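Here's a quick briefing to read with the model open beside you. Take a look at the fold first, then work through the points by topic.

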Amino acid sequence: MDKEIKVMLNLFTLLVVTTLLSMTVQGDETYPKNLEIITNNIHFQSKVNSNRNSYVTDILRAVFNGLSIKINSHPAPYIRAELMIEEDNSECFGLFPPIYPELIYSDRPWAAHAFDLYTLKENQIILRKTDSLQELHLLARENHWMVGVIAGVKYSGEADTFISSLESSKLIHKSYGSNALESSLKMLEKGRLDMVLSCPLWVRSIMGDTVGPMSDFHKSYTFKNTKLDLHFACKKSYPYAKKIIDKVNAEMNNLHSRGVLQNIQEKYNQNMW
C-alpha cells in the first residue's frame, strides 16, 4: 500500500511540474520572438542611430526587459513608412499620429510634432509682428522665398496654411528620402533655399553632425496650433498587437517614474515636450 501511495505521489509531482513547465512555455509564447518595427527615420537622424538603434527601439527594449524578444528596427522615409501600413508583412510602427484606422496606438504619446521656420542667422527674417502669419506669407511671396519642407509629413495648423498658400506660387521645395531634412538644411546653407520649415526636435538631432551647428541657424517664426502627438502603434491585423500595446501601456508609467524614459529622451534629444 505504501509503495502504491509513493508511486501516486511521484506521478502527481510529475504532473504538477509538467503543467507548470507547460504554463511557462505558453506564457513566453504570448509574445513574439522577434518584433519588427518600421521607424519613421525622420525623427532619428543622428549619430546614436548606429546599428539601427532609435528612440523607439530603446524604449521597447526597456518595456520588454527580461523577456526574450528581439527588437528589429527598419528605418524608412516618411512616405514609405506610411505606405508600409498597407503591407502584409508589416507589424508595428513608430512614431505616427493617431489618424490611421488600420493601427492600434499606445495610450501615451512618445513624441510630438511642432513646427518652426528656420533661416540662416546671417539672413534672418525680421517680422514687424512676430505672430503675423499674414505678414510672413506676404513677404515670402514678394521676395520669392523658397521654403523647404519634407514630403509626406503631416503638417498642421498654421504650418499647413503657410505651405498651402505658397504652393500655387511654386515657392515650396519638397525633399524626399531618408535624409530629407539633412538635404533641406544643406540647401539652406548653400543659399539654394531661403527657409526650412521643420520640427525643432528633428533639427536639433542632426545639428553638428553633417549640418552646421545650431548657432548658424535662426528660428524666424514659430507656427501656432501645430503640435501633433505621435504614438507607437501596431497593425490591428497583427496577432500580437493587443498584447504588445497592453504591455507598452502598462510599462510606460513605470519607466517614467524610474527615470528611464527621461534618460532615453535626453539621449535622442526628444525631451522638449
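**Strands around S11**

Let's start with strand S5 (residues 111-113), which pairs with S11 in the antiparallel sense over three bridges. Two strands count as paired here if DSSP finds at least two bridges between them. Helices (H or I, at least four residues) and strands (E, at least two) are DSSP runs, numbered from the N terminus. Keep in mind that this is a predicted model: local features need pLDDT of at least 70, side-chain atom pairs count only at pLDDT 80 or more, and totals for chains, interfaces and linings use all residues. Residues are numbered from 1 along each chain as its sequence is written, and side-chain values use heavy atoms, with hydrogens and water left out.

- Buried means under 20% relative accessible area, exposed means over 50%, and partly exposed is in between (1.4 Å probe, protein chains only).

**Strands around S1**

- Strand S1 (residues 34-40) has five buried residues out of seven, so it is largely enclosed by the rest of the structure.
- S1 runs parallel to strand S2 (residues 70-76), and seven bridges join them; asparagine 34 has lysine 70 of S2 as its bridge partner.
- S1 also runs parallel to strand S3 (residues 92-96), with three bridges, and cysteine 92 in S3 is the bridge partner of isoleucine 37.

**The whole chain**

- You're looking at nine helices and eleven strands, and 47% of the 273 residues count as buried.
- The accessible surface comes to about 14400 Å², of which 52% belongs to carbon and sulfur atoms; the areas come from the Shrake-Rupley method with a 1.4 Å probe, and for residues only the protein chains shown count as cover.
- Among contacts between residues at least 6 apart in sequence, 80% join residues at least 24 apart. Contact means heavy atoms within 4.5 Å.

**Cores**

- The largest nonpolar core has 49 residues, and Phe115, Leu117, Val147, Tyr155, Phe162, Leu197 and Phe223 touch the most other members.
- Helix H6 (residues 180-189) gives the most to this core, with five residues.
- A second, separate core of 29 residues includes Phe64, Cys92, Leu261 and Tyr268.
- A nonpolar core is a set of buried Ala, Val, Leu, Ile, Met, Phe, Trp, Tyr and Cys residues joined through side-chain atoms within 4.5 Å.
- Not counting residues up to four places away in sequence, the residues that leucine 197 touches include Phe115, Val147, Tyr155, Phe162 and Phe223.

**Aromatic pairs**

- A search of the whole structure finds eight aromatic pairs. Rings of Phe, Tyr and Trp (its six-membered ring) pair if their centres lie within 6.5 Å; planes under 30 degrees apart count as stacked, over 60 as edge-to-face and the rest as tilted.
- Phenylalanine 162 and phenylalanine 223 form a tilted pair, at 5.5 Å centre to centre and 40° between the planes.
- Phenylalanine 162 lies in helix H5 (residues 157-167) and phenylalanine 223 in the loop between strand S10 (217-222) and strand S11 (228-235), so the pair ties together parts 61 residues apart in sequence.
- Phenylalanine 162 and phenylalanine 223 are both buried.
- Ring pairs also link Phe93, Phe96 and Tyr100 into a cluster.

**Helix H9**

- Leu261, Ile264 and Gln265 are buried in helix H9 (residues 260-267).
- On the face turned away from the buried side, H9 carries the exposed residues Asn263 and Glu266.
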